[in-house]
Amino acid sequence: MVEWLSPIIDALSQGWYLLRQFWLPLYILMEVVAIFLAIESIFKSRTSQGAIAWALGLVFLPPIVVPIYLLFGQRKFYGYVEARRKGDLEIQRIAKQLLEEMSEQFSLEEDSTYRNSQGAQLLENLALMPYTRGNRVELLVNGNEIFDSIFSAIDGAENYILLQFYIVRDDQLGKKLQKKLIEKARQGIKVYFLYDAIGSFSLSHNYLKGLRQAGVIIEPFRTWRWGKRRRFQINFRNHRKIVVVDGLTAFVGGANIGDEYLSRDRKLTPWRDTHLQLQGPSVQGAQLSFLEDWYWVAGEVPDLNWHPQGVNNDQRVLVLPSGPADKLETCQLMFLHAINSASERLWIVSPYFVPDDAILKALKLAALRGVDVRLMLPGITDNRMVQLSSYAVLLDLRGTGIRAYQYQNGFLHQKVVLVDSDRAYIGTANFDNRSFHLNFEVTVMVRGQQFALEVESMLNEDFEHCHRLTGEELAQRSVIFKSLVKLSQLFSPIQ
């Protein structure tokens, strides 16, 4: 035998001997730890489903689930509010100034009919900003429209550009964005670029280096901080997609920076997405959301334009950021209000549809009181487990009158909710536990019949590419399929 192998074999033998001697005590110790963590999960989980899923996994599979819980079990995001408070003198001054200017120039206080209907005050309390008039909102459908508009706005920037994306790829689209940002930075335009550290984990060093050398200030949004109490929290994501140019134009919606969003992915093409272009005082809401995220990362307040300007159009708009650092369950409450306030129509489009019990009950009640409740979900998926979990939801909704459709013409990624004849919600949030409780998201609410008609027309075209999917159809599938559905549902709160 080769001599250098001897110490390796001896070490492996010694390790195996120790494992045989101590595996039972180690397992018992891990089980004790798992029980304590299970108790913690029961007290700290935001939903009963999440508490049950974690507790069962911890108690029955401690070697596997204990490390997962330590990595992903946090349900409250710590540090964000504390970091923001360090900049309170400046950030609060900005927020106060915005609130005063919006209230004076663009408030809907005089429109008593509007303000007293459908909980406008409730949504303003969640957003900490008012609905404003004097906005222009443009619906952008699919990648070409979205990025043509974004790049056109970037080309016209005169002072600064703010960008925030969950996913940024070093591909054709990513390189085109990089080139444009480098050109603007060399012209003296300030460029601040924020990307999620986990969503953009594969982003190349050369991509970042090229931007930084040109003067672009680009930073990852990390939810963990080493060496500080309770800062190892990697289960959270910054899922927002925001572009702001000069404080005058903003973009919010479902599209990230990647070739798949231009239908260049072999499996997920064509890619169906929706974005919004905003002009008017509502732009300041998107900008303030970016500022708070930027301060968490960089600890600085950039010099930006904080004077809202109206446009000729008079659309009513509210920008509502939400996230795991909020005192309230902002995202969930926003959608609960949308469902509960619907009197005629409720159309929900989401690529990841795994709502919690409160949302499910609200949907059932809406359908039972005669509301036209429709769900548009993807037929092709990039996450099979989430899709199986959504099937469990559809099985639970049988007999309520809710109609579910699967989109067949490529991958459906848009996040849209249409309520009655005058309200539309478009943004980054999905109808799942992660968006409700774990992700930083942003949603734009537009009030008005004309815009609602545009959204209705867009969705009617999408329904033409859908297959009606019923709970009865799912119930007739194989035992193996239904078992996988139930297993996925068990773990849906922690997906």
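Across the whole structure, a search finds four cavities of 30 Å³ or more, where a cavity is a set of points, on a 1 Å grid over the protein atoms alone, at which a 1.4 Å probe fits but cannot get out; grid points are joined across faces, edges and corners, and a volume is the space filled by probe spheres set on the points. The structure is a predicted model, in which local features need pLDDT of at least 70 and side-chain atom pairs count only at pLDDT 80 or more, while totals for chains, interfaces and linings use all residues. Residues are numbered from 1 along each chain as its sequence is written, and side-chain values use heavy atoms, with hydrogens and water left out.

The largest cavity has a volume of about 70 Å³. It is lined by 13 residues, of which Pro-351, Leu-377, Pro-378, Gln-387 and Ser-390 are the closest to its centre, a lining residue being one with an atom within 4 Å of a point. Strand 13 (372–378) and helix 14 (384–396) each supply at least two residues of this lining, and helix 14 gives the most, with four residues; helices (H or I, at least four residues) and strands (E, at least two) are DSSP runs numbered from the N terminus. Sorted by class, the lining of the largest cavity holds seven nonpolar residues, six polar and no charged, where Ala, Val, Leu, Ile, Met, Phe, Trp, Tyr, Cys and Pro count as nonpolar, Asp, Glu, Lys and Arg as charged, and the others, Gly among them, as polar.

A pocket, by contrast with a cavity, is an open set of points with protein on both sides within 12 Å along at least five of seven lines. The second largest pocket has a volume of about 590 Å³, and of the 24 residues that line it, Tyr-166, Tyr-352, Asp-382, Asn-383 and Arg-434 lie nearest its centre. Its lining is made up of eight nonpolar, nine polar and seven charged residues.

From these spaces we can turn to strand 19. All nine of the nine residues of strand 19 (residues 439–447) are buried, so the strand is largely enclosed by the rest of the structure; buried means under 20% relative accessible area, exposed over 50%, and partly exposed in between, with a 1.4 Å probe and protein chains only. In a regular strand the side chains alternate between the two faces of the sheet. In strand 19, Asn-439, Glu-441, Thr-443, Met-445 and Arg-447 point one way, while Phe-440, Val-442, Val-444 and Val-446 point the other way.

Strand 19 has several partners, two strands being paired if DSSP finds at least two bridges between them. With strand 5 (residues 237–238) the pairing is parallel, over two bridges, and Arg-237 stands opposite Asn-439. With strand 10 (residues 315–322) it is antiparallel, over seven bridges, and Val-317 stands opposite Val-446. Strand 17 (residues 423–427) also runs antiparallel to strand 19, joined to it by five bridges, and here Ala-424 stands opposite Val-446.

Because Phe-147 and Phe-151 are four residues apart in helix 8 (residues 142–155), they are separated by about one helical turn. Phe-147 is buried, with a relative accessible area of 2%, and Phe-151 is buried at 4%. Trp-347 and Phe-463 form an edge-to-face pair, 5.3 Å centre to centre and with 85 degrees between the planes, which links distant parts of the chain, as Trp-347 lies in strand 11 (residues 345–349) and Phe-463 in helix 16 (residues 449–463), 116 residues apart. Ring pairs also link Phe-335, Phe-353, Tyr-425, Phe-431 and Phe-436 into a cluster.

Trp-347 has a further neighbour, for Arg-345 lies over the face of its ring, at 4.9 Å from the ring centre; a charge sits over a ring if NZ of Lys or CZ of Arg is within 6 Å of the ring centre and within 35 degrees of the ring normal.

Terms used. Rings of Phe, Tyr and Trp (its six-membered ring) pair if their centres lie within 6.5 Å; planes under 30 degrees apart count as stacked, over 60 as edge-to-face and the rest as tilted.
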